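Colleague: I am new to reading protein structures. Could you walk me through a few features, one at a time?

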Amino acid sequence: MSEPKLRLLVGKVGLDGHDRGAKIIARAFRDAGFEVIYTGLHQTAEMVVNTAIQEDVDAISLSILSGAHNHLFPKVIRLLEDKGANDIQVFGGGIVPDEDIVTLKKAGVLEVFTPGASMEQIIGWVRSNIRSRRLD
Amino acid sequence: MSEQDEHTPPRRSRDKDEWERTTLAEQLERGGEREVEFSTVSSLPIERLATAEDLGPDWDVERDLGLPGEYPYTRGIHPTMYRGRMWTMRQFAGFGSAAQTNARFKYLLSQGQTGLSTAFDLPTLMGRDSDDEMAEGEVGKEGVAIDTVVDMKRLFDGIPLDKVSTSMTINAPAAVVFCMYLAVAEDQGVSFEKLQGTLQNDILKEYIAQKEWIYPPRPSMRIITDLMAFCTRHVPKWNTISISGYHIREAGSTAVQELAFTLSDGIAYVQAGIDAGIDIDAFAPRLSFFFNSHNDFFEEIAKMRAARRIWARVMRERFGAKQERSWKLRFHTQTAGCSLTAQQPLNNIVRVTVQALAGVLGGTQSLHTDSYDEALALPSDEAVTVALRTQQILAEESGVIHTVDPLAGSYFVENLTNRIEREALDYIERIDSMGGIIAAIERGYPQKEIADASYRYQQQTEDGTKTIVGVNKYVKDDTGKLEILRVDDSVGINQIARLAEVKAKRDSDRLEAALSSLRKAAEGDDNLIPLMLDAVRAHATVGEVCQALVPVFGLYQETSVL
């Protein structure tokens, strides 16, 4: 049985220009055999959600280092719900304090990786937690 | 003395070759070395031993090393270095509202800091107002929110601008924020000639690394040359551009790439100034540099020494600058934020100390030491104080400042300096052959080189080739809890309210007239700075001034390079 390839959107939302992590993770996902769409910088939450739907991705991976995570993660999740696409999972990474991770998970973010997380660890997590939506 | 030493006459090798064949070979036979290859954090291979021979027959101690305060300044730009004047301890600060940052400034000044350094929030850095849709959740988060000159007055309230030097870390809208600073000076009755400080204003590294842009490179260069021309005439003590490698390194470049891309940016600014008809010796002395200091101690020192030598030769030989002041590369150093770990954060104090010491031994003019909690959040007061104390301990307890350039003549340091210089020059040549750094940026060249280097480094930390203590070695589970600084959302709400108040009170006719003159000037060749100054005096916002030029200059769109 061969599972369809996972399709992941790596997104930068808001004005944050720190793209070192997003680019590394996009490349690591690609090298791990996933299909990857990278949004590029300075996207609005709407733009990210629209791209995710158009590209029919299985999950959105957001990278936020600007301190605006408490705004931007929930906004993306809200928009996915509004558009009936809440089967697209959201996870991400950045400089996010522990207490905020708890709140973000309650808001529906599946996982948040912080500095020091390895590519291997993140890829492993994706393999066991993200399922292709095209299976059902 | 051991028994063996008494009976075996000590051997003396005459050269490195002989030593390798005899003394070393015997040792290697008894036991190998811990690694097959040794290399710097940037993966520059490091040889076992450097000797005079490694400097090669072409190395000329007078020509290549020289003496401090003399061309090519390898040993430093001042004859007395820190015996004469200590480096400026300049801690970058800014968060929340102008009033909050003003209080942090006053605290830092009271703690013995000697210069101010302003961090702006992301919307301000991108030329957006606090009430812009894209600004949501970001107002006052990573720096101070500045919308109009009213905020700027609050930021410097009670701080006499003729007594402090101020560094402002802003690029795409740098000219607008600088005009606001000028307007505050007018308000305080301080004449422009007395103003001292630095505007980062380095747009080229934005396209390469930091990614905070508005317009495409070429029109952006016009604003910069206008500012250089304006300052040359009216604000002569102001450093107009701080040509920055810092962000290039933070984006994941190697030390050599940081040096090469930064100097290539410098070359482009000098060329632009010359092309705009400004006398090189009038503007070049006001250009300064800003480098990163990462973990690899000698690599950083060598990079800084090589930087001075390359720049001196570029300015004198390539551009024909006549004055010594134009040949001297002055620079600010900041310790490497990207080297800090969220795990076992107190370890970062040690990293910062080593990095800061490299900056000092590399001959920096000013220094920012990072706070140990920066991989977790904005720095707390305690962390900021420890960071400043680190500099004070280096300056006043370690003794390293008592002599000028103590590492000069070290076979290893001189050899590494030569090597980094040579590799940086190769890059610079390659960029020149593409038509300069702007053309190289347009084809994504430096962006790609950095993305590759940063991916390689990430792989090396994961396979254990490169050690990060507390992350991939000596890992501990309980990291403990740190008190962190939080900027709550009320900052944004209040800032938007203040902006609405300013907008309601201002004279809209005067504002419109100022913005439309600015737009018209952009279509022609007039210097834009006096017109921007008029606009900010009329309480135009950062966003309004930046937007006024978009119809003429366009917006930059990046093609992402993975």
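Here we talk through a strand, its partners and a chain contact.

Modeller: Happy to! Keep in mind that this is a predicted model.

Colleague: Let's start with burial. Is strand β1 of chain A mostly covered or mostly open?

Modeller: Burial is judged by counting neighbours: a residue is buried if 20 or more other C-beta atoms lie within 10 Å of its own. In β1(A), which spans residues 7-11, five of the five residues are buried, and the strand is mostly covered.

Colleague: Which residues lie on each side of β1(A)?

Modeller: On one side you find A:R7, A:L9 and A:G11, and on the other A:L8 and A:V10. Both faces are covered, with all of these residues buried.

Colleague: What does β1(A) pair with, and in which sense?

Modeller: Look for bridges between strands. Four of them link β1(A) with β2(A), residues 35-38, in the parallel sense; for example, A:L8 has A:V36 as its bridge partner there. Strand β3 of chain A, residues 59-64, also runs parallel to β1(A) and is joined to it by four bridges. In that pairing, A:L9 is partnered by A:I60.

Terms used: Residues numbered from 1 in each chain as written. Chains lettered and ligands numbered in written order. Predicted model: local features only at pLDDT ≥ 70, side-chain atom pairs only at ≥ 80, totals over all residues. Buried ≥ 20, exposed ≤ 12 C-beta atoms within 10 Å, placed from the backbone. Helix = DSSP H or I, 4+ residues; strand = E, 2+ residues; numbered from the N terminus. Pairing = 2+ DSSP bridges.
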